[in-house]
Each structure stands twice: as structure tokens, then as C-alpha cells.
Amino acid sequence: MSSLERSPMFALPRPVLTAAPSRLRDAWRAHRELGVFTAFSLAFSALPVLLQRFSFTDAVGLVVPWALLLIPRHPLAATVILAAGTALGLVDAQGPGLVMAGWFATYALFRRGGYRHAVAIVVAMVAGNLLAWHTGTKMNDLFISQVLWNAICIGIAVPLRLADANVSRARAAQAQALREQRALIARELHDTLARANTQIVLRAQQAQTHLHTPNHTNQIHTALEDIITTGHQSVLDLRTMLRLLRQDTNTTLEPTPPTPDLTTTLAQARHDLHQAGLRATITHQGDPNRLTPTLTTTLTRILDECVANMIKYAAPDAQCTIRLHITDTTAELHAINPLTTKKRVTPTTSATSSKLGILGIQERTHALGGTTTITPTNHQWILHTTLPLKPTNEPQEHVLNAPEDRHRWGCMWSWLHAHWGLCLLTTASLVIAAVNTVDAGVRFTTLVGLVAPWALLLVPRRPWTAAIILALGAAHATASDQFTGTDIATTAAFCVFIRRGGYRQAVVIVVAMVSGNLLAWHAGHDMSHALLAQVLWLIICLGVASALRLADANVSRARAAQAQALREQRALIARELHDTLARANTQIVLRAQQAQTHLHTPNHTNQIHTALEDIITTGHQSVLDLRTMLRLLRQDTNTTLEPTPPTPDLTTTLAQARHDLHQAGLRATITHQGDPNRLTPTLTTTLTRILDECVANMIKYAAPDAQCTIRLHITDTTAELHAINPLTTKKRVTPTTSATSSKLGILGIQERTHALGGTTTITPTNHQWILHTTLPLKPTNDKDKP
């Protein structure tokens with residue numbers, strides 16, 4: 001027998017069979033409601049089969065309810081099937097499951113926005129009632145029950161649809177908040193760290209050109225001083241931002257109002273342009289002290305961006321112009337940058353140019369109601385920014401008590417906006433009470449109907465007072481067997497209390513209604529129809545209130561998810577910033593300090609050259625990482641912020657660690673076992689980040705000429721990293737400061753290892769600092785595949 005004959009006639013691929021259970025579970029979760037409705041309808045359709053002879057209508061009742069499951073994908077086909085089945089069930093008067101499926105379909109279609117399809121089913125019900133009435137069937141009670149049940153379904157579906165809309169708006173607000181936070185962080189990063197790091201690279205390149213030129217020690221010393229100063233400020237800004245990102249609250253990310261004022265900023269701009277070999281004309285008019293901190297910060301950021309662009313793109317020995325003019329109403333900044341067409345001594349690269357600075361300037365000015373006009377030509381680049389000293393959307397004060405009036409009206413409007421539903425219910429109850437008063441005359445019952453509804457407005461602040469007033473009114477109205485505005489207010493209050501979780505107040509109202517019915521029955525009134533109406537109204541209110549309460553819980557969960565997503569995004573960005581930019585900038589500062597110690601020592605040109613090479617290389621990589629992160633932050637989608645898998649593998653990283661430790665005057669024992677190629681990109685990135693953090697800590701805290709140890713061991717199941725850092729108790733040549741130490745690296749390591757199902761143990765003592773990290777090669781939360 002051939003292999004074709006031995007094989008089965010039909011077989012699904014194994015991946016399809018593996019994914020089928022999960023897909024079924026997802027489909028059930030997404031359409032659980034329709035599944036329950038279908039089961040109920042089939043159950044009611046099966047009852048007549050057990051109790052009487054099997055008929056054609058019974059057979060239809062076992063088929064049509066399945067059409068409820070077609071509503072999500074084929075609403076028109078489901079509507080046609082359900083409408084025909086519902087009409088048949090009403091005409092034959094033997095299909096309770098068919099009629100129930102029609103009610104459920106009306107609810108589901110209304111909630112999904114399929115109003116035309118829902119109306120078609122209602123029309124089919126009306127047609128079925130007319131045909132049944134034409135054949136002689138008594139339709140009074142059946143018609144009333146259909147109207148009430150349809151009212152219940154629609155009454156629950158409409159608020160649930162509104163609630164779904166609220167959840168959708170909350171999720172859209174979450175996505176918008178994430179985008180705005182990413183844009184804010186990207187803007188702040190560009191206007192602080194990108195500019196500073198770019199300046200560090202350019203100044204290191206300038207110092208390198210003077211290294212082998214006689215009598216240029218002063219220029220090199222000035223360049224190194226600028227690198228150290230700029231690096232310190234850059235890392236201080238970064239650490240401040242990291243602390244703000246690590247806070248639970250969404251604090252403004254601007255690292256406090258800038259210490260230098262505009263006058264100091266203009267002087268610094270003149271110094272930077274002069275050091276870059278450019279001529280500068282910088283003037284300002286007006287008093288900078290009249291500007292708010294926000295305006296000062298914005299103008300400082302724009303000035304820094306203009307100066308950075310001049311240093312990168314201006315022609316050699318060009319005349320750059322900056323004018324600042326502050327009037328009583330506006331602050332204007334005018335910058336002219338003569339462009340070069342020749343190759344500069346310090347050329348611009350992808351590490352020193354990103355084209356994102358202009359976008360940040362435009363966003364800042366737009367947020368303050370200002371304008372920015374940029375006019376580029378072949379020979380120059382002109383920027384003109386105008387910022388109003390007072391936001392244009394701020395209302396003017398017309399009278400002395402305008403603030404109090406605005407506060408009063410604002411509070412009233414806020415209250416109405418928060419409790420518009422109670423106001424609407426109160427108004428409806430009062431209208432019905434007024435109509436009843438006109439028809440029946442002024443009596444005690446009608447007066448109660450005009451007074452009791454106002455208690456609805458007390459529900460938010462005085463729930464028990466409102467419950468007692470409405471309960472007394474409900475008992476009186478029910479005992480007198482008269483329909484007034486009190487009845488509407490009472491049932492509305494029952495709904496409001498259930499939605500707000502005031503179950504005890506709702507029980508008090510129900511007890512009052514029961515007491516009123518007992519008193520009316522004791523007085524000889526026929527309470528059968530009134531009792532049925534009350535029960536149905538309470539059921540409707542209970543369904544609507546429960547649906548709205550569930551919707552409120554969904555909105556609360558969506559808002560909590562938004563806050564959690566913002567916190568997680570901030571923590572992710574803080575972790576990535578620390579493990580890339582903070583480490584690189586710290587290394588730049590330390591290497592510049594080491595180079596400075598060799599500046600006046602003979603025959604140390606090679607050491608200075610090596611230090612400058614390290615500064616330039618590290619600065620390039622730092623700014624490349626930063627600009628990659630800026631581009632990811634500027635994307636609309638919430639892309640993972642890790643700037644692609646690292647180019648160097650673990651072997652290269654270990655070699656770089658040995659080089660860095662050697663350059664810092666430390667002895668290093670670095671070994672590794674196992675094949676690094678078996679690691680996933682995520683594991684490689686994580687181990688690289690941890691290695692970099694360990695090396696940075698060794699350079700900062702290790703004793704001079706200490707023996708530092710790093711061991712990496714990769715097995716079939718785990719990757720283990722062991723680092724020993726001998727601590728010093730003496731003052732180092734390159735001391736650590738607040739700019740080179742933040743205590744946030746350990747938190748980032750622990751978060752990274754925890755995310756991959758690993759562990760990190762840190763053992764600090766007086767003489768050494770030991771880190772031991774274990775990462776599983778396969779995440780522990782992955783399920784084994786068959």
C-alpha cells in the first residue's frame with residue numbers, strides 16, 4: 001500500500017490544532033454574552049419539546065437562536081433569520097425561545113449600534129402581533145409583556161452602549177496620554193541631553209585637532225574644561241529626569257526652572273560660538289526678569305538649539321546673529337545662521353544631527369500660544385520666534401469681582417456637568433408632578449409629588465436624607481394608589497443608589513414601597529396591576545443600574561490601566577536612559593578628568609589622545625542611542641524603546657569592559673564559559689546592560705589598582721554573571737559626584753532580570769560589592785509546546 005493510501009483522508013496541520021483551543025477561548029471571551037443568550041433561548045425552545053408534541057415551530061426554535069452568534073460578523077443575515085423566527089413564534093404563540101431570541105437580538109444590536117437591524121426585529125414583532133391578533137389570539141397581556149421586555153432590553157443596552165463609548169474614550173485618552181508623554185520626554189531629552197552630548201563631541205574633536213600643535217595646551221585645557229562642565233550638567237539633568245520618571249505621579253519633566261537666567265544664557269552662547277571659531281553679534285532689549293519661568297525655560301531651550309545649529313552648520317569665521325527683544329506684551333527671538341558649503345574641521349554626522357530640534361521648538365512655542373517661523377535658504381538659516389507674555393486664551397478681568405464670579409459659575413457648571421443625570425431625573429419627575437397637579441388639583445398627594453423629587457439632588461452629598469425623604473414619599477404615594485411624580489423620583493432614586501453602591505438606601509426605598517402596597521391592600525385597593533408595574537419598573541431600574549455600575553467599573557479600570565501604562569512607560573524610559581546615556585555620559589566625564597590630569601605632564605600625549613578618542617567614540621555612541629530613542633519616542637505607536645539589539649556581541653562587550661577598566665587604572669580578571677550565540681537578542685541586551693553598569697560602578701568605586709572580577713557562565717538552561725568590585729575608602733583621582741552617581745542602576749538591573757524571570761543578588765560589604773545575576777535561557781512564563 002502506498003504512502004498516499006496509508007495517510008488519512010484529511011488532517012489539520014499541528015500548529016492549527018495547537019492554536020485552536022486558545023482561539024476558541026478568545027472567541028468565547030469576546031462573545032460570552034451572545035453565547036449565554038443563545039443557551040437561554042435554546043433552553044426555552046426545548047421546554048415545549050419535553051412537555052408537548054413536537055411541531056414545526058419547535059423545530060424552528062431549536063435552529064433560529066443560533067443566529068445570535070452571527071451578529072458580530074454577519075448582522076444582516078442574523079437580523080433576517082431572527083426577525084422571521086420571532087414573527088413565526090408570535091403568530092403560532094408556541095415559540096417562547098424564538099421570542100426571547102428576538103428580545104436578546106434587540107439588546108445586542110442596540111448595544112452594538114445596529115439600530116436599523118434592531119428596528120427591523122421590532123417591526124417583525126409588531127407584524128407578528130398583528131397577524132396573531134388577526135387570527136383571533138388575545139394579545140393584551142402578551143403585547144404588554146413584549147413592550148416591557150423590549151423596554152428592559154433597550155433600557156439596558158443604551159446605557160451600556162454609552163458606557164462602552166466611555167471606555168473607548170478612556171482607552172483613546174490613554175493612547176493620547178502615552179503619545180503626549182513620549183513627545184514631552186523626547187522634547188526634553190533633545191533640548192538638554194542631545195545638545196549637551198553633541199557639544200561634547202564637537203569640543204573633543206576640536207581638542208584633538210590641537211593635540212599635536214605646539215603651544216596649544218591652553219586650548220586643550222579649555223576644551224577639556226568645557227567637556228567636563230557640559231558633561232556634569234548633562235548628567236545632572238539626566239539624573240534629575242530619571243528621578244522624576246521614577247516617581248509615581250506624572251510630574252512635569254522639566255528639571256526645575258533653569259539656574260542660569262537669559263542674560264547668562266546669552267553670555268554662554270557668545271562663549272560657545274567664540275570657542276567654535278565663529279563671530280557672534282548677540283543683543284537683547286527689555287527686562288528678562290518680567291518673564292515667567294516657563295517662558296524663560298522655553299527661550300533658553302530655543303537659544304541653545306540655535307547655538308548648536310550655528311556650531312554645526314555655520315561657515316568658518318561666519319558672523320552669527322542673535323537678537324532678543326522683550327516688550328510689554330511679547331518676547332521675540334531672531335537668529336541668523338550663515339550656512340557653509342565647505343567641509344568643516346569638525347564635520348557633522350548622524351550622531352550630531354537629528355532634525356528633531358525644529359519640531360521641539362515649534363511644539364514649545366505652540367503650547368504657549370506663540371509662533372515660530374523658519375526660513376532656510378542656500379546661504380543662511382533664519383529663525384523668528386514670538387511668544388506672548390500672557391497666554392492668549394487667558395480671560396480678561398472686566399470687573400473687580402470677576403474672579404469670584406468666575407469661581408462661582410465654574411463650581412456651578414462643574415456640579416451640573418457631574419450630576420446632569422440627577423438634574424434630568426428631577427426635572428422629569430417635577431414635570432409629571434406638575435401635570436398631575438393640573439389634572440387632579442392641589443392636594444396633599446400632589447404637593448408631595450412637587451416636593452419629594454428635589455431630594456434626588458441630595459443623593460451625592462446627603463444619601464440618607466434623600467433616601468428617607470423619598471421613602472416616605474413612596475410609601476404615601478403607593479398607599480394612596482395614585483401615580484405622581486413621587487413614583488418616578490422613587491424608582492429613579494432606586495436606580496441611582498444601586499449604581500452608586502448605596503444598597504442599604506435602595507433597600508429602604510423598596511421596604512417603603514412594600515409597606516405602601518400593604519397599606520393600600522389593607523384599605524381595599526386592587527393592587528395587582530400596580531404591583532406588577534412596580535416590579536417591572538424596579539427590574540428595569542435594577543438592570544440599568546447594574547449595567548451602568550459595571551460600565552463605571554470598566555471606565556475606572558481603563559483609567560487605572562492608563563495610569564499604570566504611563567508609570568510603566570516612564571520606568572521603561574528611565575531604565576533605558578540610565579543604562580545607555582547615564583553610563584556613557586559618566587564615562588565621558590571620568591575620561592575627561594583623567595585626560596586633564598595628564599595635560600601638564602610631559603610625554604603623555606598618547607594618554608590624552610586615547611582619552612579624547614574614548615570621549616569621541618563614547619559620545620558618538622551616546623548621541624546615536626539618544627537620537628534612536630528620540631525617533632522611537634516620536635513614533636505614534638508605542639514601540640519598544642530599546643534602540644535595536646546591540647551591535648557588539650557579548651565577547652566584544654567583555655573586551656570593551658577590559659579596556660575601560662585598564663584605562664581607569666584597574667586590574668581586571670574577565671572570563672566567560674559557554675557559547676554567547678545561543679542567547680536571544682533580549683538576553684544579550686540585558687547582559688550587556690548589566691555588564692556596562694558593573695564596569696561603570698567599578699570605575700567609580702573600586703580601590704586604585706584593585707583586582708576587579710567578572711565571570712560569565714552560559715549553560716544549557718541559564719546565563720550567570722558574577723561581578724566582584726573591591727571598594728575604596730580613600731579619595732580617588734577622579735572623585736564621584738552627584739553627576740556621576742544616582743543609585744538607580746541597581747533598580748534597573750533588578751527590573752530587567754525580573755522581567756525575564758531571572759534573579760539578581762547584590763551583596764555589599766565594607767570592602768567589596770558582589771553582584772550575582774541568573775537569567776533563564778527560556779523565560780519561566782513560557783508554556784511548553786507539545
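This is a predicted model: local features need pLDDT of at least 70, side-chain atom pairs count only at pLDDT 80 or more; totals for chains, interfaces and linings use all residues.
Let me begin with helix α10, where the buried residues are L262, T265, L266, A269, D272 and L273, and where buried means under 20% relative accessible area, exposed over 50%, and partly exposed in between, computed with a 1.4 Å probe and protein chains only. Looking down the axis of α10, we find these buried residues within an arc of 125 degrees, so they line one face of the helix; the arc is taken over the directions from the helix axis to the C-beta atoms.

Residues are numbered from 1 along each chain as its sequence is written, and side-chain values use heavy atoms, with hydrogens and water left out.

Which residues of α7 are buried? They are A118, I121, A124, M125, G128, N129 and A132, and they cover an arc of only 135 degrees around the axis, which puts them on the same side of α7. On the other side, R116, L130, W133 and H134 are exposed, and after the helix comes G136, whose phi is positive, near 100 degrees.

Now let us turn to the sheet. Strands of a sheet pair through backbone hydrogen bonds, either parallel or antiparallel. Here 5 strands form an open sheet with mixed pairing, in the order β6-β7-β8-β10-β9, and two strands count as paired if DSSP finds at least two bridges between them. At the edges are β6 (667-673) and β9 (759-764), each pairing on one side only, and the twist averages 5 degrees from one strand to the next. Strand β8 (residues 718-726) and strand β10 (residues 768-776) pair in the antiparallel sense over 9 bridges, with L721 standing opposite T773 in β10. Helix α21 (residues 650-663) packs on the sheet, touching β6 and β7, and its direction makes about 170 degrees with that of β6. Such angles run from 0 to 180 degrees between N-to-C directions, with axes fitted to C-alpha atoms, for helices over the stretch in contact, and contact means heavy atoms within 4.5 Å.

Two single residues are also worth a look. A611 is found in helix α20 (residues 605-634) and counts as buried at 1% relative accessibility; leaving aside residues up to four places away in sequence, A611 touches R591 and A595. T491, in helix α17 (residues 485-500), is buried with a relative accessible area of 13%, and T491 touches W537 and C541, on the condition that residues up to four places away in sequence are not counted.

Finally, for the chain as a whole, there are 23 helices and 10 strands, where helices (H or I, at least four residues) and strands (E, at least two) are DSSP runs numbered from the N terminus. Of the 786 residues, 46% count as buried.
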